[in-house]
2 protein chains.
Amino acid sequence: MKIAIFGTGTVGQTLADKLAGKGHDVMIGTRDPAATRARTEKDSWGNPPISAWLTAHPGVKLGTFAEAGAHGELAFNALAGHATLAALGSAQASLADKILVDISNPLDFSKGMPPSLFIANTDSLGEQVQKALPKTKVVKALNTVNAYLMVDPGQLAGGDHSLMICGDDAGAKTSVTGLLREQFGWKDIVDLGDITNARGTEMYLALWVRLWGALKTPTFSVRVVR
Amino acid sequence: MKIAIFGTGTVGQTLADKLAGKGHDVMIGTRDPAATRARTEKDSWGNPPISAWLTAHPGVKLGTFAEAGAHGELAFNALAGHATLAALGSAQASLADKILVDISNPLDFSKGMPPSLFIANTDSLGEQVQKALPKTKVVKALNTVNAYLMVDPGQLAGGDHSLMICGDDAGAKTSVTGLLREQFGWKDIVDLGDITNARGTEMYLALWVRLWGALKTPTFSVRVVR
């Protein structure tokens, strides 16, 4: 399958590595591909530059946001929350009638740790993405676990934990649920309903960042016990 | 043990029933005890009036907020979020140097279901309670599950799910953790840290109310898988 991934950070790299390894034709979208390839400094988390990662993953393509959107039959938004709307806006036409899995969280790190949210309570970033791309089928998913668990939930408790998804298009949610099960191994996926439920999964991040602090590891998740 | 419970609703009744049944000396605090006893209409959820409940529970006392605060060696705040600060303010002196378990959530039902939060993100009701009662040791707990699970977590998956607590006083958290384990049967209690972490457990309610809608039952919880 042809897949677009917006964002060159840890989440984008982890998704691209997993999906390319499964044989998918992946293009990562970035603002300025030449500048991305020229980057030689480590990222803000101390990881190697994306240029080194691209050299190590010759099968993964790199393009502009619009090029990636045109390439993908399905797209993942793995951008930071504050970069999401501008970037996706530049790929709007190329994403018409396609499914976009929105992983972004509206995290505001400007006042230190733990971050607050720059959208919350009566709105969500997921809803803003859907409004900005009215012809795209947005499914909010994967934003409640760290990058390595997204693509390999089985590494924790044999995968015995839960993922909450939401979105307005039932068919898109069925497709994404199938992809998450088959490509990544998710077992328990809870459909919360329409895209307004992104308020719930994004506000959960306020608890997630504090559990991260208390547990001293990002390798945790929650199981919905019912 | 002498225990005060602020609030006459389902949460207050459920706590009082459980703790009185365990032999504790419980007083429920309310704004106007005579008016509470005179109430004959069902509550807004269709439950019998508190007067009928009190008749069925002759061992449970009823007093003003200040009388209940004076009675209790330890207190639970089981009031609705919007009623919390005014009510606890009237009992402030009686709660000095005591532990207050704050269960309240800043839920705003005025715009319909699901509710939003009237405090969130950069503040929390737990923090406001601690600021309003600076001499009281506030422990935020139990606000992430419904009333029946609070006092009987074992009814769901044998109690194999988690409770998050927080508060500024380590000794108070140790006492509350012991009470939750011994009186109610909680097995997995995660201490998130100081009272600012109430932002996390209160904002989780935005997800909780949506899981409630999706699962069609309030009898659910989350297990922190790590």
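# Exercises on a predicted two-chain model

Thr36(B) is located in helix α2 (residues 33-38) of chain B. The model is predicted, and the exercises below begin with this residue.

**Exercise 1.** Determine whether Thr36(B) is buried or exposed, and state which residues it contacts beyond its neighbours within four places in sequence.

*Solution.*
Step 1. The relative accessibility of Thr36(B) is 1%. A residue is buried when this value is under 20%, so Thr36(B) counts as buried.
Step 2. With neighbours within four places in sequence set aside, the contacts of Thr36(B) are Thr8(B), Thr30(B), Ile50(B), Ser51(B) and Leu62(B).

**Exercise 2.** Describe the open sheet of chain B: its strand order, its edges and its average twist.

*Solution.*
Step 1. The sheet has 8 strands, in the order β3-β2-β1-β4-β5-β8-β9-β10, and its pairing is mixed.
Step 2. Strands β3 (61-64) and β10 (188-191) of chain B form the edges, each pairing on one side only.
Step 3. From one strand to the next, the twist averages 25 degrees.
Step 4. Within chain B, strand β1 (residues 2-6) and strand β2 (residues 25-30) pair in the parallel sense over 5 bridges. Opposite Ile3(B) stands Val26(B) in β2(B).
Step 5. Helix α6 (residues 125-132) of chain B lies across β5 (99-102) and β8 (137-140) of chain B, and runs at about 170 degrees to β8(B).

**Exercise 3.** Explain why one side of each edge strand in the chain A sheet is left without a neighbour in the sheet, and describe how β2 of chain A is joined to β3(A).

*Solution.*
Step 1. The strand order in chain A is β3-β2-β1-β4-β5-β8-β9-β10, an open sheet of 8 strands with mixed pairing.
Step 2. Strands β3 (61-64) and β10 (188-191) of chain A are at the edges; each has a single partner strand, so one side of each lacks a neighbour in the sheet.
Step 3. Direction ignored, neighbouring strands of this sheet are turned by 25 degrees against each other on average.
Step 4. Strand β2 (residues 25-30) of chain A runs parallel to β3(A), to which 4 bridges join it. Met27(A) has Lys61(A) as its bridge partner in β3(A).

**Exercise 4.** Identify the buried residues in helix α6 of chain A and the elements against which they pack.

*Solution.*
Step 1. In α6 (residues 125-132) of chain A, the residues Leu125(A), Gly126(A), Glu127(A), Val129(A) and Gln130(A) are buried.
Step 2. These buried residues pack against α5 (81-89), β5 (99-102), β8 (137-140) and α9 of chain A.

**Exercise 5.** Characterise the packing of α9 of chain A with α9 of chain B.

*Solution.*
Step 1. The two helices, each spanning residues 198-215, pack at about 150 degrees, and their axes are 7 Å apart.
Step 2. Angles over 145 degrees count as roughly antiparallel, so α9(A) is roughly antiparallel to α9(B).
Step 3. The crossing of α9(A) past α9(B) is left-handed.
Step 4. By class, 8 nonpolar, 4 polar and 4 charged residues make up this contact of α9(A) with α9(B).

**Exercise 6.** Explain why strand β11 of chain A is largely enclosed, and name the strand to which it is joined.

*Solution.*
Step 1. In β11 (residues 221-225) of chain A, 5 of the 5 residues are buried, so the strand is largely enclosed by the rest of the structure.
Step 2. Both faces are covered, with Ser221(A), Arg223(A) and Val225(A) buried on one side and Val222(A) and Val224(A) on the other.
Step 3. β11(A) is joined by 5 bridges to strand β11 (residues 221-225) of chain B, and the two run antiparallel. Arg223(A) has Arg223(B) as its bridge partner in β11(B).

Note on methods
Residues are numbered from 1 along each chain as its sequence is written. Chains are lettered from A and ligands numbered from 1 in the order in which they are written. This is a predicted model: local features need pLDDT of at least 70, side-chain atom pairs count only at pLDDT 80 or more; totals for chains, interfaces and linings use all residues. Side-chain values use heavy atoms; hydrogens and water are left out. Axes are lines fitted to C-alpha atoms, for helices over the stretch in contact, and angles run from 0 to 180 degrees between N-to-C directions. Angles under 35 degrees count as roughly parallel, over 145 as roughly antiparallel, 65 to 115 as roughly perpendicular and the rest as oblique. A crossing is left-handed if the near helix is turned anticlockwise from the far one by less than a right angle, and right-handed if clockwise. Ala, Val, Leu, Ile, Met, Phe, Trp, Tyr, Cys and Pro count as nonpolar, Asp, Glu, Lys and Arg as charged, and the others, Gly among them, as polar. Two strands pair if DSSP finds at least two bridges between them. Contact means heavy atoms within 4.5 Å. Buried means under 20% relative accessible area, exposed over 50%, partly exposed in between (1.4 Å probe, protein chains only).
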